[in-house]
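Opening the notebook on a new model today. I'll jot down what I look up, in the order I get to it.

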Amino acid sequence: MSSFADRRLAPAKNALEEVGDMMILTGKTVVSAVRPPFPYGGEFISQFLFAVRLCWFPLLISTVAVSYGAAGIQAINFLNIFGAPDRLGGFFVLAAIREFAPFVTAIVLAGVAGTAITADLGARKIREELDALQVLGVDPVKNLVVPRFLALMIVTGLFDVYAVIFGVFGGVLATTTSGLELGPFWATFLTNASVIDLWGSFVKCTLFGAIIAIVCCYKGMTASGGAEGVGRAVNSAVVITFIAVFSFNYVFTQTLLATNPEIQVIR
Amino acid sequence: MATPSDSWTAVPRDWFASFGEIVKFLGKVLLQIIDLRVFKYSGEVLRQAGLLIMSSALVIWVLVFVVGLQCGIEGAYFSRAVGAPANAGTFSALCNLRELVPYAFGWMMAAKIGTGIVAELGSMRISDEIDALEVMGINSITFLCATKLLASWLTLPFLYIIAIGAGFFASYLAVVEQIGEVSSGGYFLLFWMFQNPPDMFFSLAKAMVMATVIVLVGCYYGYNASGGPVGVGTATAKSMVLNLVMVHLIGMLGTQVFWGGNARAPIGG
């Protein structure tokens with residue numbers, strides 16, 4: 001009887017254990033990031049450049065596409081109902097800055113840089129390089145996870161700016177192709193843009209970067225089972241990252257909106 | 001470093017270089033389905049369909065559910081901001097059905113099914129199992145790729161329609177139960193007014209094009225993986241990049257084609 005219950009509950013138990021392990025890894029990473037010595041400078045720079053090189057192009061296409069289609073065209077439809085398509089600028093503050101820029105950045109960074117990190121660390125794990133490092137007295141968390149964690153956090157935060165710029169460009173494109181004037185777009189955009197929205201967007205995006213880095217490093221470092229193991233690790237890393245990012249996004253946006261009523265007023 | 005990151009233009013150049021290869025591969029797989037050769041392996045098709053449902057359905061619905069909640073709260077706050085709080089239902093109807101459910105579906109498809117296929121086929125390739133299939137006289141593209149594509153065509157429309165349901169349910173929860181912006185009846189009145197069966201069909205078409213591309217891209221990268229266990233990981237990561245961009249482009253083109261010229265919103269416009 002107990003074995004039956006064990007078998008039924010095993011997946012849930014494993015999932016909880018994994019979440020706990022990721023929390024422990026987060027704690028270890030933060031502690032070893034701030035405690036001297038700091039041997040991870042070079043690795044940090046190479047990871048930073050690596051992520052920027054890999055992501056700039058997919059992110060460019062993705063942000064323009066999402067904000068032109070999803071936000072631009074559909075929002076013009078929605079606003080036409082009220083006869084107020086000039087309010088598109090105000091909507092783009094909500095759409096591009098608050099929502100689409102952070103989560104398209106997170107999706108692309110997770111899919112591009114996160115998967116590459118998992119593949120890289122997973123390959124090292126199954127070639128037993130990580131064990132070799134530990135034998136040599138080199139701490140893999142300090143030398144491999146911390147630089148990736150910091151680099152992804154900063155890259156994701158900075159790419160948010162990039163995504164906002166190209167997201168707004170998508171809005172401009174949608175305005176132009178719908179035959180509307182650009183003047184009202186910029187006017188409502190600039191009167192509605194608030195500092196809280198911008199900060200919220202940056203903070204959210206930086207925390208997305210932290211989630212991506214921890215999940216992807218954890219999955220890479222625990223890859224097992226030969227050739228298929230690395231692929232499986234990448235697969236589950238990206239699935240877990242997506243779910244985690246979206247759940248976090250929901251809680252964060254809800255808290256931001258509920259605690260800052262002034263950003264909800266369209267001016 | 002295990003990934004091709006030597007230069008800034010590595011990603012776009014890589015795509016241009018392999019674009020022809022990918023299209024050729026896609027043609028080959030589609031041909032196997034069109035001339036019905038794939039039905040020799042209908043048992044394998046059904047097995048793949050079962051695997052798809054058992055392993056991927058739940059995560060897809062979970063992601064769509066979370067995205068639906070997001071649509072709900074943004075809809076409630078935005079329609080309050082334009083001074084028409086009753087229109088939260090309008091916003092979540094447009095947001096869910098037309099945009100975010102297809103996107104969330106595409107993202108999760110790419111993450112779960114696309115990379116899963118690369119991992120599976122890639123490890124078969126590097127352990128020479130695909131060559132073994134060829135030696136035994138089985139056409140490996142038919143047996144491995146065409147069956148997967150057919151299985152996804154069989155199951156994904158149904159998974160997708162349930163996913164739309166999950167998104168709608170989540171938006172309802174967010175708007176009516178959590179925020180309490182409008183009454184249940186008022187929500188549903190506008191919610192159903194702003195969508196019709198063609199909208200659902202277009203949304204489904206968008207998602208199915210995404211699904212087809214994702215399965216084929218996954219098959220391409222897995223089938224052509226090389227370079228040992230590291231190569232499988234790298235191929236998995238690369239397939240994800242291409243898939244994400246394709247999902248976004250298909251989403252944009254779909255919106256432009258289906259709703260760009262005709263908003264199909266019953267008031268004004």
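How much of residues 158–180 of chain B is helix, and how far apart are the end C-alpha atoms? I get 96% helix and 0% strand, with the ends 31 Å apart. Helices here are DSSP runs of H or I with at least four residues, strands are E runs of at least two, and both are numbered from the N terminus.

Ground rules before I go on. This is a predicted model, where local features need pLDDT of at least 70, side-chain atom pairs count only at pLDDT 80 or more, and totals for chains, interfaces and linings use all residues. Residues are numbered from 1 along each chain as its sequence is written, chains are lettered from A and ligands numbered from 1 in the order in which they are written, and side-chain values use heavy atoms, with hydrogens and water left out.

**Annotated spans.** I picked 158–180 from the UniProt record, an unreviewed entry, which puts "transmembrane region" at residues 49–69, 158–180, 200–221 and 241–259 of chain B.

**Chain B overall.** I count 8 helices and 0 strands. The C-alpha trace spans about 65 × 45 × 35 Å along its principal axes. Of the 269 residues in chain B, 59% are buried (under 20% relative accessible area; exposed is over 50%, partly exposed in between, with a 1.4 Å probe and protein chains only). For contacts (heavy atoms within 4.5 Å) in chain B between residues at least 6 apart in sequence, 86% join residues at least 24 apart.

**Cysteines.** How many disulfides does a search of the whole structure find? I find 1 over all chains, taking a disulfide as a pair of cysteine sulfur atoms within 2.5 Å. The partners are Cys71(B) and Cys95(B), with sulfurs 1.8 Å apart. The pair links distant parts of the chain, 24 residues apart: Cys71(B) sits in helix α2 (residues 42–81) and Cys95(B) in helix α3 (residues 88–126), both of chain B. The link is left-handed, at -75° about the S-S bond. Cys71(B) and Cys95(B) are both buried.

Cys55(A) is buried at 0% relative accessible area, and Cys216(A) is buried at 1%.

**Around Val112(A).** Cys55(A) turned up again here: Val112(A) touches it along with Leu54(A), Pro58(A) and Val241(B), leaving out residues up to four places away in sequence. Val112(A) is in helix α3 of chain A and is buried, at 1% relative accessible area.

Note on methods
UniProt positions renumbered as here; feature names shortened; annotations may be inferred.
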